[in-house]
Amino acid sequence: IVDNKNLALPPPRAPFRAWKKMDCRLIVLRLIPGFDDSGLIALLEQSKSPVKALVLELYGTGNAPSRKDALIRLMDIAKARGVLIVATSQCFRGAVLFSKYAVGNLLLKAGVLPAGDMTTEAVVTKLAYLFA
């Protein structure tokens, strides 16, 4: 048995503290074929409190409908309101790679941030913590 004490972390300097304040003014949208564009825009425009972030669950590696002009309009509205847009993948084991599809490049140019291989839950939790 080899004892690798140099790999162990030093003892904590202070008691553990959990950060309990989270800002959950986030919207998570799972995109499906044939979704209603006007509903998405109304969701963003009619929210009672200002939305901080919009998390889009896209197909595969970051693909979205290519003939949805209203989706790009939604992103323009979100950007104008200061809403951060993050893209995650619907795939169980997948990552958002915008370079794979032309639509991904459009999303990147529209200011959408790819979440890489983070799950939707991880993105939402991290955003809620950062906005708090």
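Q: Helices are DSSP runs of H or I with at least four residues, and strands are DSSP runs of E with at least two, both numbered from the N terminus. In which of these elements is the place of E57?

A: E57 belongs to strand 2, which spans residues 53–58. The model is a predicted one, in which local features need pLDDT of at least 70 and side-chain atom pairs count only at pLDDT 80 or more, while totals for chains, interfaces and linings use all residues. Residues are numbered from 1 along each chain as its sequence is written, and side-chain values use heavy atoms, with hydrogens and water left out.

Q: Why is E57 called buried?

A: Its relative accessible area is 12%. Buried means under 20%, exposed over 50%, and partly exposed in between (1.4 Å probe, protein chains only). The value of 12% therefore places E57 among the buried residues. Among the residues that E57 touches are V28, L29, T88 and T120, not counting residues up to four places away in sequence; contact here means heavy atoms within 4.5 Å.

Q: What makes E57 and R30 a salt bridge?

A: The term requires a side-chain nitrogen of Lys or Arg within 4 Å of a carboxyl oxygen of Asp or Glu. The closest N and O atoms of E57 and R30 are 3.0 Å apart, and the pair therefore meets the criterion. This pair links distant parts of the chain, with E57 in strand 2 and R30 in strand 1 (residues 26–30), 27 residues apart.

Q: How many salt bridges does the structure hold, and which side chain does R25 meet in one?

A: There are two salt bridges. R25 meets D23 at 2.8 Å, N to O. D23, at 10% relative accessibility, counts as buried, whereas R25, at 30%, counts as partly exposed.

Q: Why are the buried residues of helix 3 said to line one face?

A: Helix 3 covers residues 102–109, and V103, G104 and L107 are buried in it. Seen down the helix axis, these buried residues fall within an arc of 100°, so they line one face; the arc is that of the directions from the helix axis to the C-beta atoms. The face turned away from the buried side carries the exposed residues A102 and K109. Strand 2 and helix 2 (69–80) are included in what covers the buried residues.

Q: What makes a set of residues a nonpolar core, and which residues have the most contacts inside the largest one?

A: A nonpolar core is a set of buried Ala, Val, Leu, Ile, Met, Phe, Trp, Tyr and Cys residues joined through side-chain atoms within 4.5 Å. The largest has 27 residues, and L54, L58, M75 and L107 have the most contacts inside it. Helix 2 gives the largest share of this core, six residues.

Q: Why are strand 1 and strand 4 described as standing at the edges?

A: The open sheet has four strands in the order 1-2-3-4, with parallel pairing. Two strands pair if DSSP finds at least two bridges between them; strand 3 and strand 4 pair over two bridges. Strand 1 and strand 4 (113–114) each have a single partner strand, so one side of each is left without a neighbour in the sheet.
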